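Thanks for coming, everyone. Let me put the structure up, and then we'll go through it.

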Amino acid sequence: MNQENKKLLQQLLDGEFPDSRGRFGIFGGQYAPETLMTALKNLDNKVKTLLTDASFMGELSTELNQWAGRPTALTHAKKLSELWGVEVYLKREDLTHTGAHKINNALGQALIAKKLNAKRVVAETGAGQHGVASAAACARVGIPCVVYMGAIDIERQAPNVDRMRQLGAEVIPVTTGDQTLRAAVDEAFRDWVGSPDDTYYILGSVVGPHPYPYLVRELQSIIGKEAREQIITQAGGLPDAVFACVGGGSNAIGIFHAFLGDESVDLYGVEAGGRGQKLGDNAATLASGKPGILHGTYSMLLHDDDGLVQETHSVSAGLDYPGVGPEHAFLQSIGRVSYTSAEDGEALEQVRECCGLEGILPALESAHAFVGAKKWAEANPSKTVLIGLSGRGDKDMPTLSKLFNN
Ligand SMILES: *Cc1c(COP(=O)(O)O)cnc(C)c1O
């Protein structure tokens, strides 16, 4: 990193980003219709107050501990360490309630909704993981929850639709646009614009207009705070590298943030390389995208020369998104985090390896981080790597059974 980039990183660490316009350097901001701007402004003010309010943060912490299962374990992966020739540590977000890091965000935002006296909550979901986390958090907090989900996803992810309904949420099929996650986000925003005073929108990743990328990062940064302390205790020092998978980027930002100021720690985000490098065959936004605006934020994006956002592909539904959080675009631009990608087949292989050697079934999303870490290990013998294990793979069983023929 050159001097200028070091200065930009310091500004981030000092809390100067996001700035008053919601920007991380040139990325981020609020690209939203006038009606939504007022709601975003209100949310921004209230979020700042609540996140520095000791009684609110105490309540959140108690719920995280006693309901969501935090702190999660840090596991020394003994057999993977032997095989790869480096010391491998896994931050176990798969052990949280509902099975992935998404609950950290959904619970925090549900509590915020309650504090703002919202009468109902809306959320979007792709594969259904954020929808399930939101439905569970809203039930716990006591607010009705409406989940927008693309009609195509509803068909593909039937078990999660049933889970959401069982938890008391209303699931509304979205038949506009691409009928998947992108359209579901559009519908959730539309709903919120229609009744910004009594409705709260729980956005599922570090994307969307300010203050969401900031809010979701703050709620997910508990992952890295715990992991940093745990690895110092268990391994006797900081890791040499941290790997996390990147869809919208919330689990990655969550684990990276505590390490941003540690110069000796290299940070790597791993995106979905899908079937290969052709536009439309992957969701490797940072690796092969260009800057543009999607869902209210200026960030990296997979779009063609005419600016049309492209369809994406990944075997893991949670990484299948054509955009990425603006803070990741910023961290890439200043060279603090490197972004690579892992293809479908490589991720599937890592699911197998982790299952067989460690007795842990990781989500297909999380397996992308393992692919990156394993490649890094080849060039870094005897070093120490921390991997963000973002969620459990039970939800992927239909995909795995089909592909492995068993
Ligand atoms: C949703 C999901 C992801 C991707 O979302 P991010 O915002 O990039 O973290 C990764 N892993 C799991 C298990 C998920 O459910």
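Start with one cysteine: is Cys354 buried or exposed? Cys354 is buried, with a relative accessible area of 0%. Buried means under 20% relative accessible area, exposed over 50%, partly exposed in between, with a 1.4 Å probe and protein chains only.

Some ground rules. This is a predicted model, where local features need pLDDT of at least 70 and side-chain atom pairs count only at pLDDT 80 or more, while totals for chains, interfaces and linings use all residues. Residues are numbered from 1 along each chain as its sequence is written, and side-chain values use heavy atoms, leaving out hydrogens and water.

Now the ligand. Surrounding it are 17 residues, the closest being Lys102, Ser205, Gly249, Ser250 and Ser390. A residue counts here if one of its heavy atoms lies within 4 Å. By type, the shell has four nonpolar, eleven polar and two charged residues.

Next, polar contacts, meaning pairs of N or O atoms within 3.5 Å. A ligand oxygen is 2.7 Å from a polar backbone atom of Gly249. Another entry is Gly248: a polar backbone atom there is 3.2 Å from an oxygen atom of the ligand. On the nitrogen side, a ligand nitrogen is 2.7 Å from an N or O atom in the side chain of Ser390.

For Cys138, the nearest cysteine sulfur, that of Cys145, is 4.0 Å away. Cys138 is buried too, at 1% relative accessible area. For Cys354, the nearest is that of Cys355, 6.4 Å away.

Terms used: Polar contact = N/O pair within 3.5 Å; in protein donor to acceptor, adjacent residues only side chain to side chain. Nonpolar A, V, L, I, M, F, W, Y, C, P; charged D, E, K, R; others polar. Disulfide = S-S within 2.5 Å.
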